[in-house]
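Reader: I am new to this structure. Please take me through it one question after another.

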Amino acid sequence: MVETKHYTYGITWWSEDKEYVARCAEFPSLSYLSDNPTDALTNMVNLVEEVVADMKANREPIPVPLAEKEYSGSFQISIQPEKHRRLAIKAAQQGISLNSYISSKLLEDEFIRSIN
């Protein structure tokens, strides 16, 4: 049984409509607009509950909340060969693996620090 309150919700100001928009990462096609951020979030949670109930009734697969998924800790990216070469050289100059070098650079990034 999926707990809909475990999904990943967010609220942002939408300047075009001059309202707050609430979204759910697991349901990217859904959103809810309101002039009040609390109302936007509350109504978004209710909307997701309705959608999940409908999906259950139709025996459709229901997304697992991102917070409840298991992650391996690894992912693959593709970059230009010249950038790959430059990164490999920088890692070798520091005497560490390319993976360690890139991991350390990601952790230096403000975005990555924000999730720690």
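Author: Let us begin with a definition: a residue is buried under 20% relative accessible area, exposed over 50% and partly exposed in between, using a 1.4 Å probe on protein chains only. This is a predicted model, in which local features need pLDDT of at least 70 and side-chain atom pairs count only at pLDDT 80 or more, while totals for chains, interfaces and linings use all residues. Residues are numbered from 1 along each chain as its sequence is written, and side-chain values use heavy atoms, with hydrogens and water left out.

Reader: Thank you! In what order do the three strands of the open sheet stand?

Author: Strands here are DSSP runs of E with at least two residues, helices are runs of H or I with at least four, and both are numbered from the N terminus. Two strands pair if DSSP finds at least two bridges between them. The open sheet has antiparallel pairing, and its three strands follow the order S1-S2-S3.

Reader: Which strands stand at the edges of the sheet?

Author: A strand with a single partner has one side left without a neighbour in the sheet, so the edges belong to S1 and strand S3 (31-34).

Neighbouring strands of this sheet are turned by 25 degrees against each other on average, direction ignored. To name the two edge strands again, they are S1 and S3.

Reader: How many bridges hold S1 and S2 together in the antiparallel sense?

Author: S1 and S2 form a hairpin with four residues between them. Along the pair, Trp-14 stands opposite Glu-19 in S2. The number of antiparallel bridges between S1 and S2 is six.

Reader: And over how many bridges do S2 and S3 pair?

Author: A hairpin of six residues joins S2 to S3. Across this pair, Val-21 faces Leu-33 in S3, and Arg-23 has Ser-31 as its bridge partner in S3. S2 and S3 pair in the antiparallel sense, and the bridges number four.

Reader: What angle does H1 make with S2 as it packs on the sheet?

Author: Contact means heavy atoms within 4.5 Å, and angles run from 0 to 180 degrees between N-to-C directions, with axes fitted to C-alpha atoms, for helices over the stretch in contact. H1 touches S1, S2 and S3. Its direction and that of S2 make an angle of about 30 degrees.

Reader: Is Lys-18 buried or exposed?

Author: Lys-18 is found in the loop between strand S1 (9-14) and strand S2 (19-24). Although Lys-18 is not a glycine, its phi is positive, at about 55 degrees. Most residues other than glycine have a negative phi. With 58% relative accessibility, Lys-18 counts as exposed.

Reader: What is the relative accessibility of Arg-59?

Author: Arg-59 also is not a glycine and has a positive phi of about 55 degrees. Its place is the loop between helix H1 (37-57) and H2. Arg-59 counts as exposed because its relative accessibility is 78%.

Reader: Why does Thr-4 count as buried?

Author: Thr-4 lies in the segment before S1. Leaving aside residues up to four places away in sequence, Thr-4 touches Tyr-9, Val-48, Glu-49 and Val-52. Thr-4 counts as buried because its relative accessibility is 8%.

Reader: How far apart in space are Trp-14 and Ile-96?

Author: Trp-14 lies in strand S1 and is partly exposed, with a relative accessible area of 30%. Not counting residues up to four places away in sequence, Trp-14 touches Glu-19, Val-21, Arg-23 and Leu-33. Trp-14 and Ile-96 are 82 residues apart in sequence, and their C-alpha to C-alpha distance is 44 Å.

Reader: Which helix gives the most to the lining of the largest pocket?

Author: On a 1 Å grid over the protein atoms alone, a pocket is an open set of points where a 1.4 Å probe fits, with protein on both sides within 12 Å along at least five of seven lines; lining residues have an atom within 4 Å of a point. The largest pocket is lined by 17 residues, with Phe-75, Ile-77, Asn-99, Ile-102 and Leu-106 nearest its centre. Two or more lining residues come from each of helix H2 (81-94) and helix H3 (98-108). With six residues, the helix that gives the most is H3.
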